[in-house]
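Let us walk through this structure step by step. Keep the view open as you read.

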Amino acid sequence: MVSVAVSCPKCGGPVRAPDLMHTESRCLDCGPVPPLHVPEHIGAEIVASVVARIAGAAEPPARPRAPLWCPWPLPTGWTMTGVAYAGDDRTGVRATAVACAGPAPLGEGPADLVFVAEEPGVGLGTRFAGLVGPDPGPELAQALTDPGPGHPEHVGQARIKVAGHPTPLWLVNSPTDRSAYAGEARGLWLHAIAWPASAGHLLAEDVVLHDLTEWTPPELVYGAPSPYLHGKA
């Protein structure tokens, strides 16, 4: 039996299950939320169970299926350290997260990356990024007014490939202990959050995100569970 922690995707607080008075899961502070499920450990069997959950979720035809974005191939020395999803039998899967860890690109010790795909309003990506509000829209609006290269206020972009397609991610304001990028892929928000902040340089390299719900590489290497999926962020 896999042990799974359940919490609010927006604040990390406890979530009450539906009852006779309420048809939805609820956080005392945030109200109705799709509960975040984080397996305590990580391995091939756990990834397979989350993939099966996503594939088997009853979702409206108009809703895009949430991908499970994982860098593949993983950067040298990196491992997959966690997986999570937000949703229940009533809402379907509305957000997913994948965590990875490895050596920092500038030789500053260990680093962590978390990739989040989510529907508007879930708030998981902005929570990890340390932003206010459930969505990065206001931050992206500011980033899109960037004056361009050469200007002292130039922000720049991370250009990665998502399922083979070049996809821009914009740097958004976040606490100084991390760097956070946000954009869009397959009709959902895509967040990439790196700890420490300098680990964001990894996103300037040839990072390719692959959807594990389509195929899970048997060569994936797994590491110690991510502290960021388990409450540190």
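**A residue and its surroundings**

Leaving aside residues up to four places away in sequence, D211 touches P67, L68, W69 and R186. Contact here means heavy atoms within 4.5 Å. The model is predicted: local features need pLDDT of at least 70, side-chain atom pairs count only at pLDDT 80 or more, and totals for chains, interfaces and linings use all residues. Residues are numbered from 1 along each chain as its sequence is written, and side-chain values use heavy atoms, with hydrogens and water left out.

D211 belongs to strand β14 (residues 208-211). Strands (E, at least two residues) are DSSP runs, as are helices (H or I, at least four), and they are numbered from the N terminus. Is D211 buried or exposed? Its relative accessibility is 3%, so D211 counts as buried. Buried means under 20% relative accessible area, exposed means over 50%, and partly exposed lies in between (1.4 Å probe, protein chains only).

Two of the neighbours meet the side chain of D211 through polar atoms. The side chain of R186 makes a polar contact with the side chain of D211, at 2.9 Å. From L68, the backbone nitrogen lies 2.9 Å from a polar atom of the D211 side chain. A polar contact is a pair of N or O atoms within 3.5 Å; within protein, one must be able to donate a hydrogen and the other to accept it, and residues adjacent in sequence count only if both atoms are side-chain atoms.

Now turn to strand β8 (residues 92-103). Eleven of its twelve residues are buried, so β8 is largely enclosed by the rest of the structure. Strands of a sheet pair through backbone hydrogen bonds, either parallel or antiparallel. In this text, two strands pair if DSSP finds at least two bridges between them.

Strand β7 (residues 79-88) pairs with β8 in the antiparallel sense, over nine bridges. The two form a hairpin with three residues between them. T79 has A101 of β8 as its bridge partner.

β8 also runs antiparallel to strand β9 (residues 110-118), joined by nine bridges. Here A99 has V114 of β9 as its bridge partner. The hairpin of β8 and β9 has six residues between the strands, and G107 takes a positive phi near 70 degrees.

**A three-strand sheet**

An open sheet has the order β2-β3-β4, with antiparallel pairing. β2 (15-16) and β4 (31-32) are the edge strands, each pairing on one side only. Strand β3 (residues 26-27) is joined to β4 by two bridges. R26 stands opposite P32 in β4.
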